[in-house]
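Here is a short tour to go with the chain on your screen. Take a look at the model first, then follow the notes below.

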Amino acid sequence: MSVQFVVPGSKSVSRPPSVAAYLVDRTFFFIAALGALIIIALVAYILWEIGGQALPAIRTSGAKFLINTGWDAQRGNFGILPQIWGTLYSSLLALAIGGFIGITIAIFLTQDFLPPRIAVIFRTLIEMLAAIPSVVFGLWGIFVVIPFVRPGANWLFEHAGFIPFFGSSLSGPGLLPAVIVLSIMILPTVAAISQDAIGLVPYKIKEAAYGMGATRWEAILKVIVPTASGGIFSALVLGFGRALGETMALAMLIGNSNQISLSLFSPANTLAALLASNFPEAAQPERQALMYAALVLLAITLVVNVFGTLILIWTSQKVAKA
């Protein structure tokens, strides 16, 4: 025997959508589809414009552009291997530092380690970091970070210079100050999205972990964080993308030196810093090479995002099966 629940005053349980509701639904669908098409067209237009200006350099340099280490506009010798290395190396180091701190902050702000009022204050301060201009971070790095880390960096060079990571001294701009500032710049992105991901984990899951005898940290690290791993990984991917494209602060702090080194204290360069430093005064051949470098930076960002999306899908499927 089936039971049918009928809303008082109505003759049936469900009703067909009205004309107005149908029009609103179709209009929203059309606007969303149009917005997606506009975004795709805009990206294609950007690639077309940059690719068209970079085409002469692509024909002239070819794949050698990716493995050459020199950048000499006078002789027309262009290569971006040091910039590719500096972009990936600095971004990965910043992601390791900023990602760890951001996830830790997200855990402390969502798992009742702090009183609610203090947690709100910390959350607001972290979000305010995202509003600070890049050039301000660069100035702070020059006048605060570099003088602060220079004595310790030089001490490590004197006593542990045989280790590749400490194989040079720090006299001014270098990789370490740039990485420290870059990790702070991606911190709000990682912390904010990780907080949302952890906050969406049902409280019943945490209660079930406690009911099975788990300690507080076991429930957090073995239950809550793995359940929110999809959102946390999305935060890390977005933070990494932000680090790859950061320009002004790195141009001011990293040293703009075309060399490949593991040392944290040696000057380096990135693709974004190369574009910002050389483009204003570049002649036509160098401008074409810079457009080629911009295409490479776009390709790296695209590969990172596609790879991150694939890992996110795999992680989500794995968590759903578990």
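Let's begin in a loop: Asn-256 is found between α10 (248-253) and α11 (271-278). Keep in mind that this is a predicted model, with a mean pLDDT of 85 for the protein.

- As background, most residues other than glycine have a negative phi.
- Asn-256 is not a glycine, yet its phi is positive, at about 50°.
- Is Asn-256 buried, partly exposed or exposed? Its relative accessibility is 35%, between the 20% and 50% cut-offs, so Asn-256 counts as partly exposed.
- Asp-112 is another non-glycine residue with a positive phi, in this case near 60°.
- You will find Asp-112 in the loop between α3 and α4 (116-129).
- Asp-112 counts as exposed because its relative accessibility is 58%, and the cut-off for that class is over 50%.

**Confidence**
- A pLDDT of 70 or more is reached by 93% of the residues of the protein.
- Which element has the highest mean pLDDT? That is helix α3 (residues 81-110), with a value of 92.
- The lowest mean among the elements, 82, belongs to helix α12 (residues 284-321).

**What the UniProt record says**
- The unreviewed UniProt entry places "transmembrane region" features at residues 28-48, 88-109, 129-149, 175-198, 219-240 and 289-314.
- Residues 219-240 are 95% helix and 0% strand, with 28 Å between the end C-alpha atoms.
- Across residues 84-308 the model has 76% helix and 0% strand, and the end C-alpha atoms are 19 Å apart.

**How α3 meets α6**
- Helix α6 (residues 175-199) packs with α3 at an angle of about 40°, and the two axes are 6 Å apart.
- How are α3 and α6 oriented to each other? Angles under 35 degrees would count as roughly parallel, and 65 to 115 as roughly perpendicular, so α3 and α6 are oblique to each other.
- The crossing of these two helices, α3 and α6, is right-handed.
- By class, 19 nonpolar and nine polar residues make up the contact of α3 with α6, with no charged residues.

Key
Residues numbered from 1 in each chain as written. Predicted model: local features only at pLDDT ≥ 70, side-chain atom pairs only at ≥ 80, totals over all residues. Heavy atoms only, no water. pLDDT = per-residue confidence, 0-100. Helix = DSSP H or I, 4+ residues; strand = E, 2+ residues; numbered from the N terminus. UniProt positions renumbered as here; feature names shortened; annotations may be inferred. Axes fitted to C-alpha atoms, helices over the stretch in contact; angles between N-to-C directions. Parallel < 35°, antiparallel > 145°, perpendicular 65-115°, else oblique. Left-handed = near helix turned anticlockwise from the far one by under 90°. Nonpolar A, V, L, I, M, F, W, Y, C, P; charged D, E, K, R; others polar. Buried < 20%, exposed > 50% of the residue type's maximum accessible area, 1.4 Å probe, protein only.
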